[in-house]
Structures are given as structure tokens and as C-alpha cells.
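Hi,

Here is the structure I promised to pass on.

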Amino acid sequence: MYIRVPFSIVYLQNLTDLKLNDVNLTELPSDFGRLVNLRTLELRDNMLKDLPSSFVSLKNLECIDLASNMFEEMPSCLCQLIQLRELWLDSNEISSLLSDIKKLKNLKCFDISENDLEFLPEEISGLESLTDFYISQNYLQLLPNGIGNLSELTVFKVDSNRLLSLPMSLGKCTSLQELVLKENEISSFPESIGQLKNLRTLIADCNKLSSLPSEICNLTQLSVLSLRDNCLYYLPEDIGILKNLQVLDLCGNRIGLIAGSSSCAFWTSLEDQGSSVVKTFVEMSVSIPNFFSLLSCIVYSSLYRVFERAHLHFHERFLCDVGFRNHILAIFGSSELSGLQVP
């Protein structure tokens, strides 16, 4: 059953909030723009394909939710609503963004996830107030250099695209705190990633990373670093600098060497963090002896507490290896081995 909003709704001149989510709407009244006091408009989960031309009169709108409709193009009238703070266009069929999007100088949150975008226009750089940008599940292969002009950006999610690389200009987004890049085809990070000094969460699972730039060790505010299912063989020598790290996920890589003086300092620092919960998941498939050369750098009494607090999980297939078990027994002894958290 399809619903049509009665024409008389346009006479509700005092409306500031209108919510018509999930009511099978197929169109809005042609004079919908007469609701000039609207500040919030929610039309999520309907069957809208276009907006009436009168929509440009809604100059006071600050939040529009048009997610999960049937838009194939970004409605041009949206670019005239310069007071917009939030724009939700996720889960439509939009294939491109308009160059006039640069007019939305006050926009803070923009969600264009789950659409059919193959590129972003350079004019995206005009969104100078943007703090939250979601473009997950599209078909992007590249990001425009203009992305570096988004100096207020704090959350950037561009997962499940086809990105091959990241622009050097990304390093200019120095307010960035959360960067999600999982399920792309990125083979390397630019050196400029080290300029993201406020970054706390970096998730790049399921890419094609074979190494990390040493500059990643400049991200001293990182608490979550997830690089699951890449092609990494080693970590940077100075990884020990990241003393705020609480989650390090390297499962599905081929880490054969985590040793080195700085790395030892990293593991030792886990003990010094007291009750902070540090979860480190490392699936090693190359060199168990190299791993234990690291462990031998830490005194016995500290080592057990590091494992206990870090909740370091050994991959179960190594527990079946006689040599692996003997190494553990030699370091911990049979009684303390039972205290380790083993999957």
C-alpha cells in the first residue's frame, strides 16, 4: 500500500520537526516548501525518487534524513539548504554527488554510505565544517586530494570500497580521531599518515598491506590498531612508542618478527599500564623462535603479568606444537601455564 501525504499538511506552518519514516511514501506535495519553519525532517525507509522544487524554500532545515529511499541522483535542491548540519543519504542508488555540494559550509555530518558512487568531486573540499563523513559500501577507487581540506574531520569511514591507495593530503586532516578503511585494496599507507596526531582508532582489515611506514609510530594517541587479514610480515621497529595502544589485531597476517629493542619496550610498557585492558591478537605462521626471542628480553616475573593483563591469545594450532609447548613450559613452568588465557 502506497501512502501520499495530504496536501493540507503544508498548512501546518508551526511545524519544526516532521517524521515520516517507513510509511511507504512515494512523493511529497508540490507545495511542501511552505513548511518554512521545519528544522528536522525524517523521511527514512520510504520509496521517494525525487523532491518537489519547492523544497529549496526550507531554508531553516538543519537535519534531513532521506536514507533508504530510491534516489538515483542527489536532489539538487539540497545544495541550496545552507543551514544544513546533518544530511543522511545512505542506502539509496546515488551514482554521483553534485559540484554544488561545496555550498553546504555548515554541514557537520554527511552519510552517503551504501550507494553507487565511483568517485567524489574535488568540491567535497568545500565542506569545511564536516566532522563525520561516512562513505562506506560504494565503488570508490580513489579519494580526491581535496579531502585534506576537511580540517575539522574527526570520523571518516570509507570501508568496503575499492580504494587502491590514500592521498598524501589525508595527513592534513589533523583533527581525525577515527579512520576506518577495512575491505579495500590498499597496498600501502602514505607517509603523511604520521601527521594524524589525534588519531585514536585505525581499522584497515582486509586490505593488501605488506608493510607499514615507520611514520605510523608517530600516532601516539592510538588506542585501537586493527590490521587483520593483510599481508604483513613485520612491524616497524619503533612500534613500542605506541604506549596508549589497547587493541592490536594482526590476525591473518604472516608476522614472523616482532622482536627488537623498541618492540621489547612496547611489551614491557604493557605491564606499566596497570589495570588498563590491552588485547593483542597475533596469529604467527612463520617463526615461533623469533617471537620467543622477544619474550626472553623480559624478566620472568614481569612476563607473566604482561600476558595476564594483555590477554595475549595464542592461536590454537601452535598449542598443539610440541616445540611451542616446550618453550612455554621452559618460561612459565607447568603450574603457571594453566593461568594463561588460551583459546
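Which side chain does Arg 44 meet in a salt bridge? The partner is Asp 90, at 3.5 Å from N to O (a salt bridge being a side-chain nitrogen of Lys or Arg within 4 Å of a carboxyl oxygen of Asp or Glu). The two sit 46 residues apart, Arg 44 in the loop between S2 and S3 and Asp 90 in the loop between strand S4 (86-88) and strand S5 (109-111). Strands here are DSSP runs (E, at least two residues), as helices are (H or I, at least four), numbered from the N terminus. Asp 90 is buried at 8% relative accessibility, while Arg 44 is partly exposed at 22% (buried is under 20% relative accessible area, exposed over 50%, partly exposed in between, with a 1.4 Å probe and protein chains only). Asp 65 joins Arg 44 and Asp 90 in a network of salt bridges.

Before you go further: this is a predicted model, where local features need pLDDT of at least 70 and side-chain atom pairs count only at 80 or more, while totals for chains, interfaces and linings use all residues. Residues are numbered from 1 along each chain as its sequence is written, and side-chain values use heavy atoms, leaving out hydrogens and water.

The structure has 7 salt bridges. Another one pairs Arg 39 with Glu 62, closest N and O atoms 3.2 Å apart. Lys 157 and Glu 178 form one too, at 3.8 Å; Lys 157 is in strand S7 (155-157) and Glu 178 in strand S8 (178-180), so this pair ties together parts 21 residues apart in sequence.

Cheers
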